[in-house]
Amino acid sequence: MISHLRGKLRKKNEDESSVEVDVGGVCYEVFLPMFVWRAFEDAETGDEVELETFYYASERQPIPKLVGFKRPVEREFFKKFIAVHELGVPTALKALIFSVSTIARWIEDGDTASLRRLPGIGARTADTIVAQLRGKVVQFALLRDEGFEEMPAAEPTATLDEVKQDAVAGLVGLGFQHREAARLVDEIVKGRALESVEEVIRAVFERMQQR
């Protein structure tokens, strides 16, 4: 059981909300709930990082995953949260966008309207969370954490040039020569409304299939 990691930040994967931590030459991918990801926004590659971890595997998710937290108390709250009926690790990873202290306070106050602000949490699930956890998370409401109470700021839309650069880098990572990748991307985006790297890569794949 891996319960704690300390090492150098090797990579941040924004799409997955995960980080790769190099611990003595062994890299671990750790998935972060959004409130933890927000707390690590200023961390840069090469920084020393320390994470409390929760080891997770199930019949539906047989490939083990590590979920990371800044503090042991956040991991304890996560365990209580995922034990609620109809919740679980995948749902919690997406839902927990506010700080533990904020969510725990809403639970203790019976504030289901605020709990419904959590992604994937509807009215019935919010009622269930309060019913099962109210009175059991008082200590977490007192936690002196980052105190995130507002929605995360929306990421700025990438410009076409940024999309092209990232698409070229992605193709180079797949073994394409840089010149070939740049030519393919230029051909693909010309006259087409492609807004993401994934769309460009898929279009390249389709182009290659036609050859």
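Where is the place of Phe205? Phe205 sits in helix 10.

First, some ground rules. This is a predicted model, where local features need pLDDT of at least 70 and side-chain atom pairs count only at pLDDT 80 or more, while totals for chains, interfaces and linings use all residues. Residues are numbered from 1 along each chain as its sequence is written, and side-chain values use heavy atoms, with hydrogens and water left out.

Now the overview. The chain has 10 helices and five strands. Helices (H or I, at least four residues) and strands (E, at least two) are DSSP runs, numbered from the N terminus. The C-alpha trace spans about 65 × 40 × 35 Å along its principal axes. Of the 211 residues, 40% count as buried. Buried means under 20% relative accessible area, exposed means over 50%, and partly exposed is in between (1.4 Å probe, protein chains only). Next, contacts, meaning heavy atoms within 4.5 Å. Take those between residues at least 6 apart in sequence: 58% join residues at least 24 apart.

On to the strands. Two strands pair if DSSP finds at least two bridges between them. Start with strand 1, residues 4-13. Strand 1 runs antiparallel to strand 4, residues 48-56, with five bridges. Gly7 has Val49 in strand 4 as its bridge partner. Strand 4 also pairs with strand 5, antiparallel, over five bridges. There, Glu52 is partnered by Phe69 in strand 5. Strand 5, residues 65-69, pairs with strand 3 in the parallel sense, over two bridges. Phe31 stands opposite Val67 here. Strand 3, residues 26-31, is antiparallel to strand 2, and six bridges join them. Two residues lie between the strands of that hairpin. In it, Gly24 takes a positive phi near 60 degrees.

Which residues other than glycine have a positive phi? Ser17 is one, with phi near 50 degrees. Ser17 lies in the loop between strand 1 and strand 2. It is buried, with a relative accessible area of 15%. Glu86 is another, with a positive phi of about 80 degrees. Glu86 lies in the loop between helix 2 (72-82) and helix 3 (89-95). Glu86 is partly exposed, at 37% relative accessible area.

Back to helix 10. Two packed helices are described by the angle between their axes and the distance between the axes. Helix 9 covers residues 178-189, and helix 10 covers residues 197-209. Their axes come within 10 Å and cross at roughly 100 degrees. Axes are lines fitted to C-alpha atoms, for helices over the stretch in contact, and angles run from 0 to 180 degrees between N-to-C directions. So helix 9 and helix 10 are roughly perpendicular to each other. That label covers 65 to 115 degrees; under 35 is roughly parallel, over 145 roughly antiparallel, and the rest oblique.

Which residues meet? From helix 9, Leu184, Val185, Glu187, Ile188 and Val189 meet Val200, Ala203, Val204, Arg207 and Met208 in helix 10. This contact has eight nonpolar residues, no polar ones and two charged. Ala, Val, Leu, Ile, Met, Phe, Trp, Tyr, Cys and Pro count as nonpolar, Asp, Glu, Lys and Arg as charged, and the others, Gly among them, as polar.

Finally, Phe205 again. Phe205 is partly exposed, at 48% relative accessibility. Phe205 and Arg38 are 167 residues apart in sequence. In space they are 34 Å apart, C-alpha to C-alpha.
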